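Here is a short briefing to read with the model open beside you. Please have a look at the fold first, and then we can walk through it together.

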Amino acid sequence: MRKQKEETVEKIEIGSNAEGDAVCESCREFYSKDKLSRLKNDKSEEIYLCDNCKLELNKEFEKETQSPNVLLGIIGGLIGGLLGSILWFAVAVILELEIGYISIALGFLVGQGVFLGAGRKRGGILQIIAPLIVIVSILLTEKFLIEFFTNDYIRSNPLEFPSNFYLSVDMRESYYWETVLTPIGVIIYAVGIFIAYSNLRPRKVN
């Protein structure tokens, strides 16, 4: 009798889906699809939520924006920025090639650092802090890299540059901004900044 009942439930589930019904991912109850919210989970799989479960989930998401630890968020972001900058600098020196795309990883590390440091919080001021840290990290990393490669080139070409050769501050600054503010560079940096920002975007099921 029990086996027959289980088979009946299984048939109803299959039949319900075929007739346009679906199961709520949270409460596991069946509803008509037009009464469910459809969304993607972390694995990009399509799932459904009923109104009550959606409301509860949005309440949990709302808590993520409340009372963030801003100071620890800043510290976490700075740590993420430092790690990203070290990675960027090390790869550039080892490969003797600057790879601006690593700024995207920097943006992710800063965003995660702010998120974890703030107590797994999102939104509000944190979405301002993270991009600012990314911008500062990018500018400082580029500064160190350009100085490193410029000085290395001068040392490696003694015939081209006399021993007393020195690039003036104005020349170095001009070369720095010309190198940083290239169209492709700005686009890549913008992606890293956006990643840091979007990682802290408040979540909500519509």
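Let's begin with helix H4: its buried residues pack against H3, H5 and H7. Buried stands for under 20% relative accessible area, exposed for over 50% and partly exposed for in between, with a 1.4 Å probe and protein chains only; a contact needs heavy atoms within 4.5 Å. Helices (H or I, at least four residues) and strands (E, at least two) are DSSP runs, numbered from the N terminus.

This is a predicted model, in which local features need pLDDT of at least 70 and side-chain atom pairs count only at pLDDT 80 or more, while totals for chains, interfaces and linings use all residues. Residues are numbered from 1 along each chain as its sequence is written, and side-chain values use heavy atoms, with hydrogens and water left out.

**The chain as a whole**

- Seven helices and four strands make up the secondary structure of the chain, and from the N terminus their order is α-β-β-β-β-α-α-α-α-α-α.
- The chain has 206 residues, and 32% of them count as buried.
- Among contacts with a separation of 6 or more, 65% join residues 24 or more positions apart.

- The buried residues of H4 are Ile 102, Ser 103, Leu 106, Gly 107, Val 110, Gly 111, Gly 113, Val 114, Phe 115 and Gly 117.
- H4 has 16 residues and reaches 22 Å from its first C-alpha to its last, close to the 22 Å expected at 1.5 Å a residue; the expected span is 1.5 Å times one less than the number of residues.
- Most residues other than glycine have a negative phi.
- Glu 96, in the loop between helix H3 (70-95) and helix H4 (102-117), has a positive phi of about 55° although it is not a glycine, and Glu 96 counts as exposed at 65% relative accessibility.
- Arg 120, in the loop between H4 and helix H5 (126-156), has a positive phi of about 60° although it is not a glycine, and Arg 120 is exposed with a relative accessible area of 53%.
- Gly 119, which follows H4, also has a positive phi, near 90°.

**Helix H7**

- Helix H7 (residues 183-199) has 17 residues and should span 24 Å at 1.5 Å a residue, which agrees with the 25 Å between its end C-alpha atoms.
- Which residues of H7 are buried? They are Gly 185, Ile 188, Tyr 189, Gly 192, Ala 196 and Asn 199.
- These residues cover an arc of only 95° around the axis, which puts them on the same side of H7; the arc is that of the directions from the helix axis to the C-beta atoms.
- Pro 183 and Ile 187 are exposed on the other side of H7.
- Ser 198 lies in helix H7 and is partly exposed, with a relative accessible area of 22%.
- The C-alpha atoms of Ser 198 and Arg 122 are separated by 9.5 Å, although the two are 76 residues apart along the chain.

**The largest pocket**

- Of the 13 residues that line the largest pocket, Leu 39, Lys 40, Leu 57, Phe 61 and Val 205 lie nearest its centre.
- Strand E3 (37-40), strand E4 (46-49) and helix H2 (51-63) are the elements that give two or more residues to this lining.

Methods:
1 Å grid on protein atoms, 1.4 Å probe; cavity = no way out; pocket = protein on both sides within 12 Å on 5 of 7 lines; lining within 4 Å.
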